[in-house]
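Here is a short report for a reader who is meeting this structure for the first time. Please keep the sequence and the 3D view at hand while reading.

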Amino acid sequence: MRIQFTCNGKRVQLDAEPDARVIDLLREELGLTGTKEGCGRGECGACTILLDGKPVNACLLLAGKIIDREIQTIEGVAGADGGLHPIQEAFLDTGAVQCGFCTPGMILSTKALLEENARPEIAEIEEALSGNLCRCTGYGKIVDGVQEASRRMSAGDTGTNGEVAA
Amino acid sequence: MSTIGKQVRKVDGVELVTGRAKFAGDYRFPGMVYGSVKRAGVPAGRVSEIDIEKAQQIHGVLRVLTAKDIPGPNLIGVLPPFDQPLLAADEVRYAGESVALVIAETAEVARRAVEAISLTIEPIEPILTMDGALAPDARKIHENGNITLSKKLIKGDVEAAFREAEVIVEGTYETSFQDHGYLEPETVCAVPGRRFTLYASCQSPFHIRGHVAANLGVPASSVKVVQACTGGSFGGKDDVATEIGSLACIAAQQLNRPVMIAHERKESILGSNLRHAARIEIKTGAMKDGTLVARSVRILLDGGAYASESPFVTMKTLIHAAGPYVIENVEVQSTSVFTNKTYCGAFRGFGVPQVTFASESQIDELAKKLKMDRLEIRRLNGLKAGVANATGQIYEQSVGLLETIERIAERGAAQGTTAPGSGQTTEPRPESPEPADRGRYLYGTGYASVAQGISNGAEGVDVTGASVQMSQDGSVLVGIGLTELGQGSRTVWAQIASEVLGVALETVSVRLVDTDAVHDSGPTVASRSTTVGGMAVYKAATEVKQSLLSMAGLMFETEPENIELRDGFAILKMDDSARIPIPTVATAAYWTGFPLMNLAFSKAPDANFDDATHQGDIYIAYNYGTHRMDVRVDRMTGEVTVLSHQAAHDVGRVINPLGLEGQVDGASLMGFGLAHMEKIRYADGIIQNPNFADYALPSIKDRIPTETIAVEDPNPTGPFGAKGAGEPPVAASAAVFANAIADAVGVRFTKLPITREDIVEALKGGNRG
């Protein structure tokens, strides 16, 4: 069937079975391989994308559910000019990235959190990221990264891409 | 120093935060097809029939390969003679063993076809315990029996020393299998051609190249292995990358199409090596003043079905069982055995976490018996420079153990700890956030010290080759055969080149590992990337620096030794204002004929020891550490809250503080997982929890508040004095958790993990509460 949705700000139309996994559409049909598959069962959060601004596991999301809705993947977080979003900058500055495989999902979960709650408490950060596993960092520096991004965005830092921060 | 010791971002980080980084599963080639393997499903048996007919009839299935289709020896392994088949030909030795490979147009079809393969395996009674494997009449899992390797370390006269010891503690300690749990499952992509190219999520590309070539039946020079961005490894992506890398190349050869094999999470747990489960009988003797005089240890490691790294893990446990202490009389026997379970191999820490748990538990038991302060007994016996360790090796420098103890003692005093060894603290501490819950919680503090050898040591020759190339614009390219796995090594190497050549870090790139383009640097293991790898980069950069200095000498009309490279300039030492930009010097050097590229080697001194006693020189250095942990235990639920955790490590010299903290944080949580949460559950030789719902990888809610304390006792064998740091915190963190729990609960747990259920059970047992 023909499905339409918005992906990273662009209208997309493609043919897909209604039960095709969205992670496969993104990676195979649209070439957006920044969305990672770590478990295929919604247990690790590596495939987190934003659906209408809310974090979801793309491995459990079926094509039929995204019709006329808005998806954001990691490829849509940095500006069109390649400039980084403040969350991306903060993650690099605080050492929140090691192997980087969980990073796209972590950044999208963080983005959803900070758009809803600009200055989250640590417990709120932990709750928001509890579905995103990381085996490298021990999470401390990821929490630092989220807090740093929150500070910068609240202070009006728009990163280097000119996007208006939440 | 302009770069060394400065907090810097990962040099390869931007690609990772933007999704542009290419991991092995992100490669796409025209005509690419997908492979998936059929696994034995039973822990032991003889394959009598592989019925592939139904699978072959599925639309989209291109080929089903079995052992007879492998052109080469159908063997992989770490140490010859290799013992592990790519596809089992006859006997299967663990349930996750690969038996047939399906190649299909899509991954989904390949997996469906795998389900359609019907295996007839005549069952053999599996050997599922170490005792079963060691029984005199046990069936032999391999031709040479069920012992992979058994070795002894003998120092002094342990029997005589035990007779003289005034206090003796004895115990048996056990640890469980642990899964690496990297977020990226193992993935490879093979592209056929006149030569083969393998893009792999892997740790040791040259090891893979050798096995791929042998199993393809082609010379190594016909295979190029490119390390894709690798989503964590921790020791795990070596054997298995060799297995699926060889299979993908063989399939690519036969079909003449690119082949991708990407493990699912379940396969990553069932069909790739784990950390060895261990049983350690340990006995330690001391004098009344706390001086350790004797230790005997008998270590058994369950290595599962194939040898993999078992021989080396055996030796590592042997050498580390005495801990970071001066003990004149030590006898250790370490034995790894085969069982019909998933094979075990390298995993961050490499046997040291298992023996450190046993060793540090005993140090605390001794302190308790002697009514001695737990840090004092460690301080009293701790290794110092100029004193022989368990293998008789003496280091004149960079033995910073005592300083890690002092730093922990200072930090502990600031934390406001209870009397050491009390084990009784039901009173909330002053800093306790919930005084209202008086009595519900038990509080405890733990200490643990560790030493972990840096470099291959007894495991073999340790050589790294690295190239440093400067372009005429003054930018620098580093090439090295060791791999970036997330640990930040590329950043460390870039910092070293930047420091030596006096150029900005931003102008230094470290290329990805491509076996065509970099020198074989040995495996990325043993916390050797910074130390041995960094030294090779240092040497190569220093050669290029000599060219620049020679050129600048001609330009300044002075001797090269009067010039330094700093801040992007060649500068006259006596006149800071006399400076020439490095690009100008590099361009002139090129046209004058001074070489701007160098390939240098760093070779650790060969280990030199007696094979019967393991006395001699083993490692180029050790990382020493001491951890401290405060815990709160809920006596109703067994829930443990880690209130504070300090990790002091002697790392010689900090290259990148951010990277170091990241290593200590991550390794500490991994040790915490081993000690508290993670357990591979077997039933009848089949793993019952091969997924992240049932295998409890620590989540952000389980994180512990690790604070890194860097002690810098410079190491003469490392670049700028640095030593590796990636592994040691795993052992110390697991051991400190066990000691903190023992202090809080008043019960010595002898098995890892110590789960919430175990704690509740122990408290019910009337030991406490």
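## A predicted model

The structure described here is a predicted model.

## Helices H13 and H14 of chain B

In chain B, helix H13 (residues 489–501) packs with helix H14 (residues 529–556) at an angle of about 30°, and their axes are 9 Å apart. With angles under 35 degrees counted as roughly parallel, H13(B) is therefore roughly parallel to H14(B), and the crossing of the two helices is right-handed.

Among the residues that make this contact are Trp493(B), Ile496(B) and Val500(B) on H13(B), and Gly533(B), Gly534(B) and Val537(B) on H14(B). Taken by kind, the residues of the contact of H13(B) with H14(B) comprise 10 nonpolar, six polar and one charged.

## Helix H10 of chain B

Helix H10 (residues 352–370) of chain B has 19 residues, and from its first C-alpha to its last it reaches 26 Å, close to the 27 Å expected at 1.5 Å a residue. Because 15 of the 19 residues of H10(B) are buried, this helix is largely enclosed by the rest of the structure. Just after H10(B) comes Lys371(B), which takes a positive phi of about 50°.

## Where chain B touches chain A

Between the two chains, 41 residues of chain B are in contact with 41 residues of chain A. On the side of chain B that touches chain A, helix H1 (13–18) and helix H16 (657–677) each supply at least two residues, and the largest share, seven residues, comes from H16(B). This side of chain B divides into 15 nonpolar, 16 polar and 10 charged residues.

Definitions and conventions:
Residues numbered from 1 in each chain as written. Chains lettered and ligands numbered in written order. Predicted model: local features only at pLDDT ≥ 70, side-chain atom pairs only at ≥ 80, totals over all residues. Axes fitted to C-alpha atoms, helices over the stretch in contact; angles between N-to-C directions. Helix = DSSP H or I, 4+ residues; strand = E, 2+ residues; numbered from the N terminus. Parallel < 35°, antiparallel > 145°, perpendicular 65-115°, else oblique. Left-handed = near helix turned anticlockwise from the far one by under 90°. Contact = placed C-beta atoms within 7 Å. Nonpolar A, V, L, I, M, F, W, Y, C, P; charged D, E, K, R; others polar. Expected span 1.5 Å × (residues − 1). Buried ≥ 20, exposed ≤ 12 C-beta atoms within 10 Å, placed from the backbone.
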